[in-house]
Amino acid sequence: MDASQKIKEFVDQAQSIVITSHKSPDGDSIGSSLAVYHILKKWGKQVQIVHPDPAPEFLHWVTGREQIVDFETKAEQAVSILQTADLIFCLDYNEPSRVGDQMQEYLMASKATKVMIDHHLHPADFCQAVISETSACSTCELVYKWMEEIDHLDDLNETSGTCIYLGIMTDTGSFRFPSVSAATHEIVADLIRKGVKHYLIHENVYDTNTVDRIKLRGYALSEKLVCLNDIHVAYASLSEEELRKYNYQKGDTEGLVNQILGIQGIKMAVLFVEKDGKVKISFRAKGDYFVNELAKTHFDGGGHAYASGGASTESLEKTIEKFVTFVKDFIPKA
């Protein structure tokens, strides 16, 4: 039995299902979680969602978002849900640590059967059934393929399709990354035929800026941008003090690194954001530049060849200094 059928069989047998995803939720983690949630509800299953932390405001419009119990603000409820589950979906993450230290403890202590649907490299061995396809553009694409392989595409509707479209759109930088394939566009076409209003999803994600958010992003690009033109690399940074100055809200820097990558001649873009005592780092690349090994080797991170993340417990200044020192080791040789 292949993984798709095995996961369907686990679902059929389960009485209490919990959907989990990674810390610092994005469009793909929220989209895949809520798509599976709506599918399982349609199948008449008892299902709940537990995420490590709250969704950013620009994703609050997604139908069902209010059903997500986040561990950060509702730990007692989240623990209870995890402890009573008999099936746990692990969506858009490849190892238990991605849910954060606190939630990881209860995830791994749970005796529930665990299934993974994910597109990140090197999946850890902690689930009883795994759909892992690193060439897929998003976990949402894999959720669609799961439904296709178990012959349940007819159970997708506008609501679940909107969630899948959201994940594909956001994880591909609006269909611009090399991971987008003909199959991706065929999936999107099918979702639109099912009633998904793609233009509203774009508006809900990208046209909800606050004045403070626009000013923060403008400040980062006008005052904090550094271009290393000789090696086609650009980066920007924001300190905690600067975030406070512009009344930072979760999600305000989402996609900012992609704007840096859009500079003519730039092949690698990096954004450093100092927050909660550490520096969160977003890496993006294109062409013959790759960022996952740089993130993994020096910044406790990883991800995809063109889109990776990392973190540093050193100061913002020392983190940038370290990046500038080592980045030349990870660019193509002339």
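Reply: Trp43, Phe89 and Trp146 are linked by ring pairs into a cluster. Here the rings of Phe, Tyr and Trp (its six-membered ring) pair if their centres lie within 6.5 Å; planes under 30 degrees apart count as stacked, over 60 as edge-to-face and the rest as tilted. The model is a predicted one, in which local features need pLDDT of at least 70 and side-chain atom pairs count only at pLDDT 80 or more, while totals for chains, interfaces and linings use all residues. Residues are numbered from 1 along each chain as its sequence is written, and side-chain values use heavy atoms, with hydrogens and water left out.

The charged end of Lys8 sits over the ring of Trp43, at 4.9 Å from the ring centre. For this description NZ of Lys or CZ of Arg must be within 6 Å of the ring centre and within 35 degrees of the ring normal. A further case involves Tyr219: the charged end of Lys245 sits over its ring, 5.6 Å from the centre.

In total, the structure holds 11 aromatic pairs. One of them joins Tyr235 and Phe272, and it is edge-to-face because the planes stand at 90°, with the ring centres 5.9 Å apart. This pair links distant parts of the chain, since Tyr235 belongs to strand 8 (residues 233-238) and Phe272 to strand 9 (residues 268-275), 37 residues apart. Helices (H or I, at least four residues) and strands (E, at least two) are DSSP runs, numbered from the N terminus. Both partners can be checked for exposure: buried means under 20% relative accessible area, exposed over 50% and partly exposed in between, with a 1.4 Å probe and protein chains only. Tyr235 counts as buried because its relative accessible area is 10%. Phe272, at 0%, is buried as well.

A second pair, Phe283 with Phe299, is tilted, at 5.9 Å centre to centre and 45° between the planes. Distant parts of the chain are linked here too: Phe283 lies in strand 10 (residues 278-285), and Phe299, 16 residues away, lies in the loop between helix 12 (292-298) and strand 11 (302-303). With a relative accessibility of 0%, Phe283 is buried. Phe299 is also buried, at 2%.

Six strands form an open sheet in the order 7-8-9-10-12-11, with mixed pairing. Its edge strands, strand 7 (226-228) and strand 11, each pair on one side only. Two strands are said to pair if DSSP finds at least two bridges between them. Six bridges hold strand 10 and strand 12 in antiparallel pairing, and Ile281 stands opposite Gly310 of strand 12. Strand 11 pairs with strand 12 (residues 307-312) over two bridges, again in the antiparallel sense. There Gly302 stands opposite Gly309 in strand 12. A hairpin through three residues joins strand 11 to strand 12.

A second open sheet is formed by six strands in the order 3-2-1-4-5-6, and its pairing is parallel. Strand 3 (68-70) and strand 6 (129-132) are the edge strands, each pairing on one side only. On average, neighbouring strands of this sheet are turned by 20° against each other, direction ignored. Such angles run from 0 to 180 degrees between N-to-C directions, and the axes are lines fitted to C-alpha atoms, for helices over the stretch in contact.

Within this sheet, strand 1 (residues 17-21) runs parallel to strand 2, and four bridges join them; Thr20 stands opposite Val50 in strand 2. Three bridges join strand 2 (residues 47-51) to strand 3, also in parallel, and Ile49 faces Ile68 of strand 3. Strand 2 is mostly covered, with four of its five residues buried. Helix 5 (residues 139-149) lies across strand 4 (87-91), strand 5 (113-118) and strand 6, running at about 115° to strand 5. Contact in this sense means heavy atoms within 4.5 Å.

Finally, the cysteines. If a disulfide is a pair of cysteine sulfur atoms within 2.5 Å, the count comes to zero. Cys163 is in no disulfide, and the nearest cysteine sulfur, that of Cys140, is 7.5 Å away. Cys163 is buried, with a relative accessible area of 1%, whereas Cys227 is partly exposed at 32%.
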